[in-house]
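Have the sequence and the 3D view open side by side.

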Amino acid sequence: MDTTILLFLLQDGLTNGAIYALLGLALVLVFAVTRVIFVPQGEFVAYGALTLATFDAGRAPGTAWLGLAFGLAATASELSSERRRVGLRRLLQSLASTTAVPLLAAAAAFIVAPMRPPSWISVLLTLAIIVPMGPNLYRIAFRPLADGSVLTLFIASIGVHFAMTGLGLVFFGAEGVRARPLSDLVFSVGPIPVTGQTLFVYAATILAMTALALFFGRALLGKALIATAMNRLGARLVGVRTEMSGRLAFALAALIGALSGVLIAPMTTIYYDTGFLIGLKGFIAAIIGALASYPVTALAALAVGIIESLASFFASNFKEAIVFTLIIPVLLWLSLAHGPADAEEGH
Amino acid sequence: MNAPLLEISDLHVAYGKVEAVTGVDIAVAEGAIITVIGANGAGKTTLLNAIMGVLPSRGGIRFAGEAIDQTPLESRVTGGMCLVPERRELFSGMAVEDNLLLGGFLRTRVERAQTQEEVFTRFPRLKERRRQLAGTLSGGERQMLAMGRALMARPKLLMLDEPSLGLAPRIVADVFEIVGALRDSGVSILLVEQNARAALRLADHAYVMELGCVVMQGKASEMIADKRIIETYLGGTHNADLA
């Protein structure tokens, strides 16, 4: 192997690693705030990619309908959990928070899609359709179980994963698709050709991480999320609603997922069930970060990306096996270093 | 007399089938310090948690003229109630300053800045340590931070659960002095304490709880001289101290 191939592999690994890093961060965030191990994280990637590709084909994506359905279901779940009689005002208020954005996004999608909009409009519409699914899913599937154990939440999470994969098949079919690149730019750095799309991946990753760091470091709302993660009762006692934190965490996770999907859609062929494997690699990074450390997760994700890309060159048959085996020594080390894990965090 | 700020009537709280609080009636007048004393396990902490909405309960809870027994915890905070729990429940991994900021989560930016100054004046120690992580504070400082965080919400009613627990006697005196000063600034206080003597000296009105029931109540100044109280809660042999 020569240097050129190595550089190729490294570039490829870093690009994928950047995506895994984003997904890993989302997993850590969701777990810290809600104790949900968010298996369907990858589905948001697939939904994002497939939705964008559908726009590219000049059609309005079925996920627009799905988003609406999620919104209505979330309102139904929200109102049915309330003990008081529900008035019209409360109904409208709930619909505004669950269904307004999906409704607007769906309407825009059906009007704009046949006009073959420029990429950036398709991307924005994709995000507008997918992101509200996050908080609505939280409301439907996880909020009613909020007091359950990590295991209960995990089982619900797996259920949501299967449901979303199945719905993905319904709305997008079994065909794999690739979206238009956001830019046709190609140039070379030394022997390595660099595409505009990889630059977008790096820029978006750095931007997203900076934005997250600022949000958690500076904004009161970000601190409220961390507070919920640190001490749920303490956060409630200062008036931070667990429900608000959960919705926000899921919205961020959906945003990160959809954004990742939009970024990789032009680089690899995405099927309705591709998301799971991608999300799982982010999950490995999150585990290496012990589902707690953001920086360790981000670095681990880059390592996962690079190892995967090297493995696909040297032992392509074992590519996934090698990547997923990584988790074993890490789990061993974590359990030896910290003793038997306490499944239920206590305050 | 005006209607009390907080009115508890026939409150029951159960853990599974075991009732920890059985039919308690309590009232907190505006601007007063009310104390609930009693032995370990009498149900005092359970009572406070139920009033705040941390635990579900049966019975009447009226706050500022409104029935709030069905209101969730966070809405009770919005309404002006604040609990400093026995375990403080601070955000240990965050700076003192951030803990305070979050205390004012429901307030506007201006109110937060203003209240933070007041809290720093009341607790100069917190100002010195504003950048330190809450988890690194001493027991007394943690209690001060918990109280400071609660004050950031600008509560009408402040509920304190064993504020003296685990603190050195000198710091206990400081804490009680601050509680008195808070009352003078217009905050009503519901104080649960095992340190009955200090609590009775400070309070206007007192309730004694035993096995989940209120067994005695009265003016704190009279209770402190009551023979039964002295024998049970103040230690009969220390009678001379009271003079």
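Start in chain B. Strand E6 (81-84) and helix H6 (139-151) of chain B each supply at least two residues of the lining of the largest cavity. Helices (H or I, at least four residues) and strands (E, at least two) are DSSP runs, numbered from the N terminus. A cavity here is a set of points, on a 1 Å grid over the protein atoms alone, where a 1.4 Å probe fits but cannot get out. Lining residues have an atom within 4 Å of a point.

Before going further, note the ground rules. This is a predicted model, in which local features need pLDDT of at least 70 and side-chain atom pairs count only at pLDDT 80 or more, while totals for chains, interfaces and linings use all residues. Residues are numbered from 1 along each chain as its sequence is written, chains are lettered from A and ligands numbered from 1 in the order in which they are written, and side-chain values use heavy atoms, with hydrogens and water left out.

Back to the void. The structure holds one cavity of 30 Å³ or more. The volume of the largest cavity is about 50 Å³. That volume is the space filled by probe spheres set on the points, with grid points joined across faces, edges and corners. Which residues line the largest cavity? Chain A gives A:Leu237 and A:Val238. Chain B gives B:Cys82, B:Leu83, B:Val84, B:Pro85, B:Arg88, B:Ala146, B:Arg149 and B:Ala150. By class, the lining has eight nonpolar residues, no polar ones and two charged. In this scheme Ala, Val, Leu, Ile, Met, Phe, Trp, Tyr, Cys and Pro count as nonpolar, Asp, Glu, Lys and Arg as charged, and the others, Gly among them, as polar.

A:Ile288 sits in helix H13 of chain A. At 25% relative accessibility, A:Ile288 is partly exposed. The cut-offs are these: buried means under 20% relative accessible area, exposed over 50%, partly exposed in between (1.4 Å probe, protein chains only).

Now turn to charge. Side chains of opposite charge can pair when their charged atoms come close. A salt bridge is a side-chain nitrogen of Lys or Arg within 4 Å of a carboxyl oxygen of Asp or Glu. How many salt bridges does this rule give over all chains? The count is 21. In chain B, B:Arg58 and B:Glu19 form one at 3.2 Å, N to O. B:Arg58 lies in strand E4 (residues 58-63) and B:Glu19 in strand E2 (residues 18-28), so this pair ties together parts that are 39 residues apart in sequence. B:Arg58 is exposed at 52%. B:Glu19 is partly exposed at 33%.

B:Glu128 and B:Arg125 pair at 3.8 Å, N to O. They are three residues apart in helix H5 (residues 124-128) of chain B, which means a separation of about one helical turn. B:Glu128 is exposed at 61%, and B:Arg125 is partly exposed at 37%. B:Asp184 and B:Arg183 also form a salt bridge, with the closest N and O atoms 3.4 Å apart. Buried or exposed: which is B:Arg183? B:Arg183 counts as buried, at 18% relative accessibility. B:Asp184 counts as exposed, at 62%.

Chain A has a network of salt bridges. It links A:Glu78, A:Arg90, A:Arg139, A:Arg143, A:Glu243 and A:Arg247.

Chain A also carries a nonpolar surface patch of about 340 Å². Its members are A:Val86, A:Leu88, A:Leu91 and A:Leu92. Patch residues have over 30% relative accessible area and no salt bridge; like charges are joined within 9 Å, and nonpolar side chains (Val, Leu, Ile, Met, Phe, Trp, Tyr) within 5 Å. Areas come from the Shrake-Rupley method with a 1.4 Å probe; for residues, only the protein chains shown count as cover. A:Val86 lies in the loop between helix H3 (63-80) and helix H4 (88-98) of chain A. A:Val86 is partly exposed at 33%.

Finish with backbone angles. A:Arg116 is not a glycine, yet has a positive phi of about 50°. A:Arg116 is in the loop between helix H5 (100-112) and helix H6 (119-130) of chain A, and is exposed at 53%. A:Ala290, also not a glycine, has a positive phi of about 55°. A:Ala290 lies in the loop between helix H13 (274-288) and helix H14 (294-314) of chain A, and is partly exposed at 42%.

Note on methods:
On a 1 Å grid over the protein atoms alone, a cavity is a set of points where a 1.4 Å probe fits but cannot get out, and a pocket is an open set with protein on both sides within 12 Å along at least five of seven lines; lining residues have an atom within 4 Å of a point.
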